[in-house]
Amino acid sequence: MGPDKRTERAALRALAVRGLWALEVLGVLGALGALAALGALGVLGALLALLLLPPPSPAETFSAMLSVRGALGAERRLLRRLRSYLRDESSRLRRLRRFYEKVQALHQDPEASVDNPLLAFSLIKRLHSDWPNVIYSDEATRNTRALHVGLREVEQELPGTEDLDGAARALMRLQDVYALSVKGLANGVFQRAGHPPLYSPSRHVSLSADDCFHVGKVAYDAGDYYHSIAWLEEAVSLFRLSYGSWNLEDRSSLEDALDHLAFSYFMAGNISHALSLSREFLRYDPSNQRVSRNVAKYKKLLEMGTGASASPLQRPNSTRLQSRDAYEELCQRPRGQPAPEPLLYLSCSYETNSSPHLLLQPAKKEMVRIQPYVALYHDFITDAEAETIKGLAGPWLQRSVVASGEKQQKAEYRISKSAWLKDTADPVVRALDRRIAAVTGLDLRPPYAEYLQVVNYGLGGHYEPHFDHATSTKSPLYRMKSGNRIATIMIYLSAVEAGGSTAFIYANFSVPVVKNAALFWWNLRRNGNGDGDTLHAGCPVLAGDKWVANKWIHEHGQEFRRPCSADPQD
């Protein structure tokens, strides 16, 4: 009953993106005007050669903004190729027009009689030689072949299907977490109802009907009709406004959007609306037998009293996140807004921590929370140090993984890329380790701490609520033979325009991104048990390029630096 494999046109459109893939960047863990009809045959041959290119390996452009920015370079090179193609085609079309106007003028001149032997010869020659030369010219083919070569040059850098679908899921994530309307997003407005805009871009950008259709189609293919209905509704609305016009780059149409939207409503139990949309579809494509059968089935179901009223759709919880509401409320809080109740005993101070490294330049410490203990150290690193660390990590970034039992794997609830830097990678990394040791008073010598993990978040990049410490003795963290993660220090290497806060779920507060600052907290209580109040999340990045560096310190080696308390419950 659902949409079939459309038509030959849709099949050709699908082929058109077979070349748009990219090679996944490898890293190390622990250590992405119409042409003239006269030349159409030549153009078609070259286009078919382009469409049948074998797809390279899929990439992960969407999972790190560094990769997304890298894709700009590929598009710039394609733009240069397209500019050359347009210039050459314009020249070809001007020559075609001159030929057309010359011949047309002869036909319109009553004095131009074939009684004149010169005109008679010219006519015979044109029909024998000139017209075939024009019609079978391979100039259009050569121009298109040059464009084809340009695509092949950047082919390995182009996003793949996984990237496009991941980008669509990112928009749905931003829609959900920040309570944004689909219509607002499609119009370039990042605003919750009754609230000021979360982000006001300097350049207004809106989504096309085809863009909205693709986001809805990703949800539709996943059986997520909550999201597919919202996005396909917007696609249908936009397609209706522009019906009759066609964009070269579009892969979908009003009929496609109506078809998928009708079936989404059917699967959601709203049969009357599915029937209405299917009838509208048949006005544009009355010969479609499958949709005609759907209409008959919907009528019969309604006559039987099925689907007369539909229950409101519930948003799916794909990652089975139990604390979703609290997490999203914290992410939505305006930057720097304090928790609802006043917090006592918080302060700002200059700290030396009895370390000679901090005597001349004490750490700028802001106590964020007493329980759990969370402190923010302002100006912890310099701009130059942050750029050095990002530059060292960039070539080694690969998709971030999460612990799953005894294994590590990619997960939809963590969208970023990461790399690991030893302290021997650069003097900046070594100096940063010394600074962390001075501020925390902990021993960072191997194997008491992990290497510095550098993370670049992707489009809508986030990390849903999790603990940094292991909650199972089978966790891969114990392979270091140095106990559990006793503490975390997270350094913000960049600023963001909106989103990206670090939210502590059970403790009910969030910390916005503060460039060059370092956020520190204890993961374990003094008795060695995990602190449940440290459940935290990285909110989705709404706008900007978020980089952080994580240093995880283990409990072994810290016995005399953070000794047990006299209170066994502490």
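**Reading the disulfide and the surface**

Author: Gladly! C331 and C539 form a disulfide, with their sulfur atoms 2.0 Å apart. Please keep in mind that this is a predicted model.

Reader: Which parts of the chain does the pair link?

Author: Distant ones: C331 sits in helix α13 (residues 324-332), while C539 belongs to the loop between β15 (536-538) and β16 (541-544). The two cysteines are 208 residues apart.

Reader: What is the handedness of the link between C331 and C539?

Author: The link is left-handed, with -85° about the S-S bond.

Reader: Are C331 and C539 buried or exposed?

Author: A residue counts as buried under 20% relative accessible area, and as exposed over 50%. C331 is buried because its relative accessible area is 5%. C539 has 1%, so this cysteine is buried too.

Reader: And C212 and C348, are they buried or exposed?

Author: Try the cut-offs again. C212, at 0% relative accessible area, is buried, whereas C348, at 62%, is exposed.

Reader: Now the surface, please. Which residues form a nonpolar patch there?

Author: For this feature, look for nonpolar side chains within 5 Å of one another. Here L79, L82 and L86 form a nonpolar patch on the surface, and together they have about 270 Å² of accessible area.

Reader: Where does L79 lie?

Author: You will find L79 in helix α3, which covers residues 65-108.

Key. Residues are numbered from 1 along each chain as its sequence is written. This is a predicted model: local features need pLDDT of at least 70, side-chain atom pairs count only at pLDDT 80 or more; totals for chains, interfaces and linings use all residues. Side-chain values use heavy atoms; hydrogens and water are left out. A disulfide is a pair of cysteine sulfur atoms within 2.5 Å. Helices (H or I, at least four residues) and strands (E, at least two) are DSSP runs, numbered from the N terminus. Buried means under 20% relative accessible area, exposed over 50%, partly exposed in between (1.4 Å probe, protein chains only). Patches are made of residues with over 30% relative accessible area and no salt bridge: like charges are joined within 9 Å, nonpolar side chains (Val, Leu, Ile, Met, Phe, Trp, Tyr) within 5 Å. Accessible areas come from the Shrake-Rupley method with a 1.4 Å probe; for residues, only the protein chains shown count as cover. A salt bridge is a side-chain nitrogen of Lys or Arg within 4 Å of a carboxyl oxygen of Asp or Glu.
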